[in-house]
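Work through these exercises with the structure open beside you. Try each task before you read its solution.

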Amino acid sequence: MGTASYQDRIVTAFTACAMFWAVLGMLAGVYVAAELVWPTINFGQPALSFGRVRTLHTTLVLFGFGVSALIGTAFYSVQRTSHVRLFAPGLAWFVFYAWQLAIVLGGCSILAGWNSGKEYAELEWPFDLAIAVAWVAFAIVFFGTIARRRMESIYISNWFYGALIIVVAMLHIVNSLAMPATLGKSYSLFAGAQDAVVQWWYGHNAVGFLLTGGFLGMLYYFLPKHAEQPIWSYRLSIVSFWAFVYTYIWAGPHHLHYHAIPEWVQSLGMVMSLILLAPSWATMVNGIMTVSAASQKLRTDPALKFIVLSLAFYGLATFEGPMLAIKSVNVFSHFTEWTIGHVHSGALGWNALITFGTFYFLVPRLAGVPLYSARLANVHFWLALAGVMLYVLAMWGAGVSQGVLWLSLDELGEVRFSFNDVMAAMKPYYLLRFVAGLVFLVGAMLMAVNLARTFAGRRTIEVAPPGSRVGAGGRT
Amino acid sequence: MKLVSLHRKIERNSGLLIFGILVVSSIGGLVQVLPIVLGDAHGAPAAGLAVYSPLELEGRDLYIRESCSTCHTQQVRPLLAEVKRYGPYSRAGEFAYDRPFLWGSKRTGPDLARIGGKYNDDWQRMHLLDPRSVVPASIMPAYPWLASRDADQGRTIQARMRALQQLGHPYSDQDIAAAPAALEGRTELEALVAYLQSLGRSMAGEPQP
Ligand code: HEM
Ligand code: HEM
């Protein structure tokens with residue numbers, strides 16, 4: 001690759017790994033979904049039992065798939081919105097190898113039973129350290145590139161990627177503070193109720209700045225690029241960005257309603273969650289208005305269809321979230337499958353779909369050839385839509401039933417349904433969710449084949465930073 | 001537009017942008033999280049709360065290893081139906097020696113905060129080895145390997161207790177010296193059952209509301 005062109009090989013590498021982790025992580029998801037229907041299919045193997053594989057599922061989809069997709073697209077878009085090559089390309093490759101190695105070894109360590117016990121941060125302290133180092137290197141490459149930009153302004157997508165980098169670093173470092181006892185075991189620096197408050201400050205904002213903020217960075221670059229329209233309202237982007245960064249941090253305690261933490265913290269978390277609806281939907285409106293100017297393209301382009309559908313699910317998840325944060329609703333939804341439905345309407349409907357759309361757009365550009373099969377991509381679109389709808393509906397049904405049945409009292413004030421009766425009633429929902437997951441997974445596998453075929457037919461292309469031309473990424 | 005012109009400054013200076021994000025995103029944590037972490041109200045142990053014995057601690061670490069908390073919560077909410085079903089609601093002081101906390105976020109199985117003493121050790125052992133032998137419709141996984149493995153195979157109990165001691169758990173040096181003997185000849189199954197039987201015991205004297 002010539003010295004003048006953008007560094008896109010690293011983008012390809014991250015994209016390929018993201019796709020690999022998507023398939024493997026969702027395979028783990030389908031497997032745990034099956035274990036809830038047929039509980040004996042772990043065959044007495046510790047490494048295949050529900051607790052470990054479920055932890056593997058969340059680790060692979062969030063940190064293997066999600067983060068690889070985010071770093072890859074950040075490296076792609078930051079070069080194009082800054083009109084320079086990556087700062088410190090050697091360090092960028094270090095980020096790549098360190099991150100993938102951490103996921104491979106970390107995944108194995110989870111199956112082997114290493115576990116810090118903190119949700120979404122289960123990897124033990126040696127991995128926490130490795131992740132922190134790789135993340136700082138990511139920050140240096142990203143902000144270094146921005147500092148050397150040849151554009152006057154820093155484009156909107158980079159604010160969101162920047163917030164992802166800074167806030168996740170802060171969350172990860174604080175929440176991982178622990179006293180190591182052995183190589184594979186440490187104890188949290190915080191205990192009990194205090195640990196819970198720190199954990200959900202982390203957990204909610206990992207959702208906020210990774211699954212929401214990071215992917216909004218992806219949206220703000222690839223949507224206008226793809227629709228060939230500038231972002232509809234620049235001012236709305238500014239307001240919603242800062243409101244988002246400020247408000248999200250406060251909302252964590254909605255995971256701890258009616259738990260043994262102070263009442264004022266719960267109420268504050270609830271109010272802030274309701275306020276969060278405004279910046280979340282402001283962004284959605286901005287996206288929809290941007291794409292509506294390109295409605296012609298929407299009919300023919302499968303990649304754009306994925307992105308628009310993901311916006312709809314983003315709207316759904318960020319509406320459902322504030323509703324679940326209301327204490328009187330949370331009484332019913334908390335601890336139930338409803339939460340799982342909410343998670344996957346966000347994770348499948350928003351995160352996975354926007355990434356799929358972005359990759360269908362990105363890979364042909366990286367390969368310099370058109371997509372191998374647009375028809376296959378259309379088939380994938382319908383499989384994905386069917387899969388996510390079925391998943392979410394099954395979990396709503398299951399969750400609302402659990403919520404109501406668990407809390408129902410008879411005339412004498414005794415609980416009406418035993419736990420085991422309610423558990424038995426979940427079986428059809430679990431079966432439906434398993435089928436839904438399988439459908440979604442098959443779609444993702446078709447996509448992996450489609451992208452691999454596309455890339456196999458690649459022509460060498462090198463895109464150089466333009467001299468002083470304006471125009472990357474909608475308005476800059 | 002003043003807003004836009006102010007923002008022009010921020011978005012033209014990467015240092016200012018980084019600083020801005022750092023400040024704006026820290027406020028919530030500083031006001032909401034920090035006071036609880038630094039205050040005593042939610043960290044002090046309840047009266048009568050004992051620290052985990054070596055066998056119970058081993059069991060607790062096995063509970064974490066097997067990620068039982070992906071299916072089980074340890075948090076009874078102050079709701080009538082919940083108190084009827086599980087027992088007295090949870091108080092912060094009960095969890096002072098829980099590193100990490102294991103409240104969980106999903107009840108695929110029932111809450112375990114008050115499981116101690118609900119069943120005898122035999123039932124617990126049978127249930128863990130094959131849940132369907134006692135609850136035919138159960139969807140809980142079986143854990144047959146717990147019976148065939150010795151507790152503390154890696155001989156790390158002392159290192160673990162010392163780490164907790166440094167974090168302020170009231171283990172004496174004698175406790176730590178005696179720990180390996182307490183685990184001698186016990187299986188992982190026995191350790192896990194000992195932990196389960198310890199859950200909720202500090203509230204044993206509490207009246208049912
Ligand atoms: C305005 C935005 C949102 C708000 C206010 C919100 C609120 C909530 C609430 C109240 C819960 C239930 C907590 C409980 O009862 O245990 C929850 C769970 C969750 N949400 Fe959201 N949500 C939002 C958007 C999203 C999005 C876009 C995603 C993306 C995937 C997401 C991912 C999750 C996850 C992973 C959990 C499960 C956490 C756990 O218990 O393990 N949320 N959210
Ligand atoms: C084929 C697709 C998928 C299937 C079948 C699937 C299945 C599952 C299952 C069965 C669980 C455990 C639920 C429980 O314990 O009751 C789960 C949890 C979870 N999954 Fe997925 N999943 C899929 C895709 C994804 C993706 C793409 C993401 C993220 C981008 C994701 C994020 C999560 C999270 C965060 C949880 C934990 C939820 C919580 O603790 O509240 N999943 N998934």
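The model is predicted.

**Exercise 1. Find the domains of chain B and the distance between their centres.**

Step 1. Chain B splits into domain 1, residues 2–38, and domain 2, residues 54–203.
Step 2. Take the centres over C-alpha atoms: those of domain 1 and domain 2 of chain B are 42 Å apart.

**Exercise 2. Describe the second largest cavity: its volume and its lining.**

Step 1. Count the cavities of 30 Å³ or more: there are nine.
Step 2. The second largest cavity holds about 250 Å³ of space. Its lining is made of 21 residues. Closest to the centre are G117(A), E119(A), E122(A), S69(B) and T70(B).
Step 3. Look for helices in this lining. Helix 2 (50–82) of chain A and helix 4 (54–65) of chain B each give at least two residues. Helix 2 of chain A contributes the most, with three residues.
Step 4. Sort the lining of the second largest cavity by class. Nine residues are polar, seven are nonpolar and five are charged.

**Exercise 3. Which protein atom is the donor to the iron atom of ligand 1?**

Step 1. The iron atom has a single donor from the protein: NE2 of H342(A), 2.1 Å away.
Step 2. H342(A) sits in helix 12 of chain A, residues 337–367.

**Exercise 4. Classify the aromatic pair of W38(A) and F434(A).**

Step 1. Begin with the total: the whole structure has 42 aromatic pairs over all chains.
Step 2. Take the two values for W38(A) and F434(A). The ring centres are 5.4 Å apart, and the planes stand at 90°.
Step 3. Planes over 60 degrees apart count as edge-to-face. The pair is therefore edge-to-face.
Step 4. Locate both residues. W38(A) is in the loop between helix 1 (9–37) and helix 2 of chain A, while F434(A) is in helix 15 (residues 427–456) of chain A. The pair links distant parts of the chain, 396 residues apart.
Step 5. Check the accessible area. W38(A) has a relative value of 39%, so W38(A) is partly exposed. F434(A) has 16%, so F434(A) is buried.

**Exercise 5. Describe the largest pocket: its volume and its lining.**

Step 1. The volume of the largest pocket is about 860 Å³.
Step 2. The lining counts 45 residues, and those closest to the centre are H72(B), P110(B), D111(B), L112(B) and I115(B).
Step 3. Helix 2 and helix 14 (419–425) of chain A each give at least two residues. So do helix 5 (80–86), helix 6 (121–129) and helix 10 (188–198) of chain B. Helix 6 of chain B gives the most, with four residues.
Step 4. By class, the lining of the largest pocket has 26 nonpolar, 14 polar and five charged residues.

Key: Residues numbered from 1 in each chain as written. Chains lettered and ligands numbered in written order. Predicted model: local features only at pLDDT ≥ 70, side-chain atom pairs only at ≥ 80, totals over all residues. Heavy atoms only, no water. Domains from an automatic or database assignment. 1 Å grid on protein atoms, 1.4 Å probe; cavity = no way out; pocket = protein on both sides within 12 Å on 5 of 7 lines; lining within 4 Å. Points joined across faces, edges and corners; volume = space filled by probe spheres on them. Nonpolar A, V, L, I, M, F, W, Y, C, P; charged D, E, K, R; others polar. Donors = N, O, S within 2.8 Å, 3.2 Å for Na, K, Ca; no water. Phe/Tyr/Trp six-rings, centres within 6.5 Å; stacked < 30°, edge-to-face > 60°. Buried < 20%, exposed > 50% of the residue type's maximum accessible area, 1.4 Å probe, protein only.
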